[in-house]
Amino acid sequence: EAVDHLGRLGVLKESPLTDTVSAISCGIYEGLSILDLDYAEDSGAETDANFVITGKGGIVEIQGTAEQDPFSETQFIELLELAKKGCTELSAFQKEALGV
């Protein structure tokens, strides 16, 4: 809405927004890869990771920590796939809210 307002004022000739961006947490809790950890899961997670991904699937940021034992590449890929799924859903909600 702010972008539309700036456009009406003549400040912006076109929208600078080119894509959505969303962030979500994932982790390994009790040996399972989990999307969007709740507080209890996050507090007890063996691995905690945060992903920021664009609507087109571009990776903006990844932060992951092994809270106990190191995690494997296979586990990392599982977390990345979960994050992509979650961020795709978030992107759809953003587009719906913006009416695009």
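The largest nonpolar core in this predicted model is made up of 10 residues, namely Ile24, Cys26, Ile28, Ala49, Phe51, Ile53, Leu79, Leu80, Ala83 and Cys87. The elements that give two or more residues to this core are β1, β3 and α3, and the largest share, 4 residues, comes from α3. In soluble globular proteins, nonpolar side chains tend to be buried together. Of the 100 residues of the chain, 23% count as buried.

**Overall layout**

- The chain holds 3 helices and 4 strands, and from the N terminus on its elements follow the order α-β-β-α-β-β-α.
- Among contacts between residues at least 6 apart in sequence, 49% join residues that are at least 24 apart.
- The chain exposes about 6,800 Å², and carbon and sulfur atoms supply 54% of that area.

**Helix α3 and its packing**

- Helix α3 covers residues 73–98; it has 26 residues and reaches 37 Å from its first C-alpha to its last, which is close to the 38 Å expected at 1.5 Å a residue.
- The buried residues of α3 are Leu79, Leu80, Ala83, Gly86, Cys87 and Ser91, and the buried residues of this helix pack against β1, β2, β3 and β4.
- An α-helix has 3.6 residues a turn, so residues three or four places apart point the same way.
- Leu79, one of the core residues, is in contact with Cys26, Gly27, Ile28, Ser33, Thr47, Ala49 and Phe51, once its neighbours within four places in sequence are left aside.
- After α3 comes Gly99, whose phi is positive, near 70°.

**Strand pairing**

- Strand β1 (residues 21–29) is joined to β3 by 8 bridges, and the two strands run antiparallel; within this pairing, Ser25 of β1 has Asn50 in β3 as its bridge partner.
- Strand β1 is also joined to strand β2 (residues 32–35), here by 4 bridges and again in an antiparallel arrangement.

**The aromatic pair**

- The structure holds 1 aromatic pair, formed by Phe51 and Phe76, which is tilted, with 6.4 Å centre to centre and 35° between the planes.
- This pair links distant parts of the chain, since Phe51 lies in strand β3 and Phe76 in helix α3, 25 residues apart.
- Phe51 counts as buried because its relative accessibility is 1%, below the 20% cut-off, whereas Phe76, at 28% relative accessibility, counts as partly exposed.

**Loops and backbone angles**

- Most residues other than glycine have a negative phi, and most peptide bonds are trans.
- Glu30 has a positive phi of about 50° although it is not a glycine, and its place is in the loop between β1 and β2, a hairpin with 2 residues between the strands.
- Glu30 counts as exposed because its relative accessibility is 60%, above the 50% cut-off.
- Asp36 is another residue other than glycine with a positive phi, near 55°, and Asp36 is found in the loop between β2 and α2 (39–44).
- Gly57 lies in the loop between β3 (47–54) and β4 (59–66); with a relative accessible area of 42%, Gly57 is partly exposed.
- Although Gly57 and Asp19 are 38 residues apart in sequence, their C-alpha atoms are 9.9 Å apart in space.

Notes
Residues are numbered from 1 along each chain as its sequence is written. This is a predicted model: local features need pLDDT of at least 70, side-chain atom pairs count only at pLDDT 80 or more; totals for chains, interfaces and linings use all residues. Side-chain values use heavy atoms; hydrogens and water are left out. Buried means under 20% relative accessible area, exposed over 50%, partly exposed in between (1.4 Å probe, protein chains only). Rings of Phe, Tyr and Trp (its six-membered ring) pair if their centres lie within 6.5 Å; planes under 30 degrees apart count as stacked, over 60 as edge-to-face and the rest as tilted. Two strands pair if DSSP finds at least two bridges between them. The expected span of a helix is 1.5 Å times one less than its number of residues. Contact means heavy atoms within 4.5 Å. A nonpolar core is a set of buried Ala, Val, Leu, Ile, Met, Phe, Trp, Tyr and Cys residues joined through side-chain atoms within 4.5 Å. Accessible areas come from the Shrake-Rupley method with a 1.4 Å probe; for residues, only the protein chains shown count as cover.
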